[in-house]
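Welcome! Take a moment to look over the chain shown here, and then let us walk through it together.

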Amino acid sequence: MKAKRQVSSREAHSLKNRLSELSELPKDVVLGIPMLTMIGQMELNIENYRGIIEYTDSLIRVHTKDGQIRVSGRELKVEYYTNDEMKVTGHIVSIEYVNLTASS
């Protein structure tokens, strides 16, 4: 009997990426990755997030499939959120994506 080979997360991601391209479906749908839409420095929409980790008027940390999105600024406010989308307003100074699953 032939032993099954385990698929690494990198191979699985590559396979899903190719599947997305072949099926012509958006990558955010197939891969479950976050999609950010920013309007100036005043508004940020985040789709495909998992939860809010930290929320202050100067920092909002959001949990995603692969890591965190850190939004820094002044007078930040979560205007609304649903199971898969949120809207952040205020004076956005920076957005940082921290990939927690990357191997060193």
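This is a predicted model: local features need pLDDT of at least 70, side-chain atom pairs count only at pLDDT 80 or more; totals for chains, interfaces and linings use all residues.

## A walk through the model

With 67% relative accessibility, Glu 75 lies above the 50% cut-off and therefore counts as exposed. Although Glu 75 is not a glycine, its phi is positive, at about 55 degrees.

Asn 48 also has a positive phi, near 65 degrees, and is a residue other than glycine. You will find Asn 48 in the loop that links strand S2 (43-47) to strand S3 (51-55). Its relative accessibility is 23%, so Asn 48 counts as partly exposed, a class that lies between the 20% and 50% limits.

Here are the two residues side by side:

| Residue | Phi | Relative accessibility |
|---|---|---|
| Asn 48 | near 65 degrees | 23% |
| Glu 75 | about 55 degrees | 67% |

S3 and strand S4 (residues 59-63) run antiparallel and are joined by 4 bridges. Together S3 and S4 make a hairpin, with 3 residues between them. Within this pairing, Gly 51 sits opposite His 63 of S4.

Now step back to the whole protein chain. Its secondary structure consists of 2 helices and 6 strands, in the order α-α-β-β-β-β-β-β from the N terminus. Of its 104 residues, 26% are buried. The accessible surface is about 7,500 Å², and carbon and sulfur atoms account for 51% of that surface. Finally, among contacts between residues at least 6 apart in sequence, 40% join residues at least 24 apart.

How values were computed: Residues are numbered from 1 along each chain as its sequence is written. Side-chain values use heavy atoms; hydrogens and water are left out. Buried means under 20% relative accessible area, exposed over 50%, partly exposed in between (1.4 Å probe, protein chains only). Two strands pair if DSSP finds at least two bridges between them. Contact means heavy atoms within 4.5 Å. Accessible areas come from the Shrake-Rupley method with a 1.4 Å probe; for residues, only the protein chains shown count as cover.
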